[in-house]
Amino acid sequence: MGNAPTGKGRRKGSRVKKKQYKRKVWLANRSKDRDQIQDEMEKNVEKAGVAQPVIPYDDELPGGGQFFCQETDMHFIDAKALADHKKSRFYKRRCKALKEEKYTQESAEWAAGMTKEVLPPAHPQK
């Protein structure tokens, strides 16, 4: 008889072809970029002299938000899961990437050949 939906149902796999749905799901699950994490880590280093505030318990986050990995920006259920994560290949690669120099607009312009050369004046003053 065919694959036409019956009643009020929708066709199976109808969301698969929608680009807006794919983009929305991809953006919702996207992790922070390397430069954003480096900025947060720099702010925490500046506040190192100040006592770290106690993280309030949050029911929405895994483990109540108490077990957080700053390098990967992920929350974990308990201390064992966090310890296992810190042994993982993903964590080690992210830490290695965070040790590299931060990518800035100046380095992007330099790579594109848009250097800022300082030339001598065409008509020097006497």
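Let's start at K102, which counts as partly exposed at 27% relative accessibility; here buried means under 20% relative accessible area, exposed means over 50%, and partly exposed is in between, using a 1.4 Å probe and protein chains only. Before going further, know that this is a predicted model, where local features need pLDDT of at least 70, side-chain atom pairs count only at pLDDT 80 or more, and totals for chains, interfaces and linings use all residues. Residues are numbered from 1 along each chain as its sequence is written, and side-chain values use heavy atoms, with hydrogens and water left out.

Back to K102. What does K102 form with E42? The two form a salt bridge, with the closest N and O atoms 3.8 Å apart; the term stands for a side-chain nitrogen of Lys or Arg within 4 Å of a carboxyl oxygen of Asp or Glu. E42 sits in helix α2 and K102 in the loop between α4 and α5, so this pair ties together parts that are 60 residues apart in sequence. Those element names come from DSSP runs numbered from the N terminus: helices are H or I with at least four residues, and strands are E with at least two. E42 itself is partly exposed, at a relative accessible area of 43%.

Another salt bridge links E100 and R34, whose closest N and O atoms are 3.6 Å apart. This one also links distant parts of the chain, since E100 is in the loop between α4 and α5 (105-111) and R34 is in helix α2, 66 residues away. Both partners are partly exposed: E100 has 44% relative accessibility, and R34 has 33%.

R34 turns up again where two helices pack. Helix α2 (residues 34-46) and helix α4 (residues 89-98) pack at an angle of about 75 degrees, their axes 10 Å apart. Axes here are lines fitted to C-alpha atoms, for helices over the stretch in contact, with angles running from 0 to 180 degrees between N-to-C directions. The two helices are therefore roughly perpendicular to each other, a label for angles of 65 to 115 degrees; under 35 counts as roughly parallel, over 145 as roughly antiparallel, and the rest as oblique. Which residues meet? From α2 come R34, I37, Q38 and M41, and from α4 come R94, A97 and L98, where contact means heavy atoms within 4.5 Å. These residues divide into four nonpolar, one polar and two charged.

In total, the structure holds seven salt bridges. One of them joins the side chains of R30 and D33, at 3.3 Å from N to O. R30 is partly exposed with a relative accessible area of 44%, and D33 is partly exposed too, at 34%.

Now for D73, which lies in the loop between β1 (67-69) and β2 (74-76). Its phi is near 60 degrees, a positive value in a residue other than glycine. At 25% relative accessibility, D73 counts as partly exposed.

Finally, the cysteines. How many disulfides are there? The count comes to zero, where a disulfide is a pair of cysteine sulfur atoms within 2.5 Å. C69 is in no disulfide, and the nearest cysteine sulfur, that of C95, is 6.7 Å away, too far for a bond. Are these two cysteines buried or exposed? C69 is buried, with a relative accessible area of 0%, and C95 is buried as well, at 17%.

Terms used. Ala, Val, Leu, Ile, Met, Phe, Trp, Tyr, Cys and Pro count as nonpolar, Asp, Glu, Lys and Arg as charged, and the others, Gly among them, as polar.
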